[in-house]
Amino acid sequence: MRILVTGGAGYVGFPLCQKLHRRGDHVIVVDSLATTAGREPALAAFADIKRVDITDRAACLSAIVEAEAEVVVHLAALHFIPDCNRRPADAVRINVLGTQNVLDGCAAAPSVRRVVVTSSAAVYPVSDCFMRETAKAEPSDIYGITKAVNEGQAAELARATGISTVAVRLFNVFGPGETNPHVVPAIIDQLRAGKHRLDLGNVSPKRCYVYVDDVVDGFEAIAGAVLPDRFTTLNLGTSEEASVGELIDMMSAMLATRLEVANDPERRRPSDRQYLRCDPTLIKSLTGWQANHSIQAGLRQLLASEQLL
Ligand SMILES: NC(=O)c1ccc[n+]([C@@H]2O[C@H](COP(=O)([O-])OP(=O)(O)OC[C@H]3O[C@@H](n4cnc5c(N)ncnc54)[C@H](O)[C@@H]3O)[C@@H](O)[C@H]2O)c1
């Protein structure tokens with residue numbers, strides 16, 4: 001099968017492309033490589049790379065049409081929330097206009113039969129419930145707003161063209177290879193520097209974490225699933241949650257050392273919801289996917305991959 005992955009050089013995209021290649025797919029990557037250029041040689045070993053900025057409409061459309069892909073997985077985005085808050089116009093330009101270009105490319109490509117658009121748990125309202133896909137989108141920042149718009153754009157593609165389209169509400173991913181300075185890589189960087197007193201922001205909010213290899217398996221399952229509706233919204237995550245403080249306690253036990261937190265006001269996000277909880281029932285029932293890694297197991301693999309264990 002020919003599969004096109006936008007953002008294929010990124011945190012999720014790179015291992016997804018590797019897995020698709022290993023199972024025998026022909027992988028085409030559309031990526032500007034703006035922040036991930038260092039991965040180009042490794043990616044070029046198994047994927048066709050089209051170095052295209054998705055906000056360049058003409059280049060984006062022709063890259064997608066020429067790829068003759070059956071499946072398009074759209075991951076490219078401005079994703080790091082502090083960056084989106086600092087550069088809201090860029091967040092809208094890349095995430096909304098760029099996504100429209102990708103979807104218009106899919107509509108113009110006769111080969112495409114499944115489009116997977118990456119949304120986010122950030123579309124959910126502030127709540128302590130385990131969120132189901134039926135919950136109304138009520139994002140609380142510009143990033144989440146762009147992702148909620150992406151879901152509408154994806155639904156419109158399905159309605160207008162009949163292409164089977166899925167919006168994936170991805171929860172917090174963790175594991176090796178992270179590209180953005182989220183909290184887990186911030187902890188790892190400090191551990192690698194030999195620190196035991198870690199400078200971190202707010203450590204009390206809880207998140208449902210999903211291990212990166214499970215995310216890759218999830219996208220693979222969604223790309224190939226036979227789905228009853230032309231447009232589907234799916235959570236991709238687990239219902240296992242932890243606070244940053246609890247992650248640090250788990251790592252302390254694994255490393256047999258006492259890690260402490262020094263609260264760093266610079267790292268505190270201005271607004272940080274206490275919970276963002278995932279109900280993964282629907283994805284399991286429609287695709288069979290479920291996570292294989294607990295938070296503990298994923299952390300252990302992460303520490304081992306960093307040679308900290
Ligand atoms: N990582 C997470 O925890 C998480 C959680 C929820 C949703 N998501 C979503 O999943 C997707 C993938 O996230 P990720 O963590 O792999 O992000 P990432 O930042 O590692 O990768 C994004 C990739 O997109 C590319 N890109 C960015 N702007 C582009 C543009 N204008 N044109 C072409 N390529 C461009 C980058 O070069 C990069 O290779 C994103 O849509 C993100 O919003 C991620």
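The structure is a predicted model, in which local features need pLDDT of at least 70 and side-chain atom pairs count only at pLDDT 80 or more, while totals for chains, interfaces and linings use all residues. Residues are numbered from 1 along each chain as its sequence is written.

The chain contains 11 helices and 14 strands, where helices (H or I, at least four residues) and strands (E, at least two) are DSSP runs numbered from the N terminus. Along its principal axes, the C-alpha trace spans about 60 × 40 × 40 Å. The radius of gyration, taken over C-alpha atoms, is compared with a globule rule of 2.2 Å times the number of residues to the power 0.38; because a compact globule of 309 residues would have a value near 19 Å, the 19 Å of the chain agrees with that rule. Of the 309 residues, 42% count as buried, a residue being buried if 20 or more other C-beta atoms lie within 10 Å of its own, exposed if 12 or fewer, and partly exposed in between, with C-beta atoms placed from the backbone. Among contacts with a separation of 6 or more, 78% join residues 24 or more positions apart, a contact requiring that the C-beta atoms of two residues, placed from the backbone, lie within 7 Å.

Helix α9 (residues 244-255) and helix α11 (residues 295-305) have axes that come within 10 Å and cross at roughly 60 degrees; axes are lines fitted to C-alpha atoms, for helices over the stretch in contact, and angles run from 0 to 180 degrees between N-to-C directions. On the α9 side, the contact is made by Leu247, Met250, Met251 and Met254, and on the α11 side by Gln296, Leu299, Arg300 and Leu303.

Ala256 lies in the loop between α9 and β13 (260-263), whereas Gln307 is placed in the segment after α11. Ala256 counts as exposed because it has 7 C-beta neighbours inside 10 Å, and Gln307 is likewise exposed, with 7 other C-beta atoms within 10 Å.
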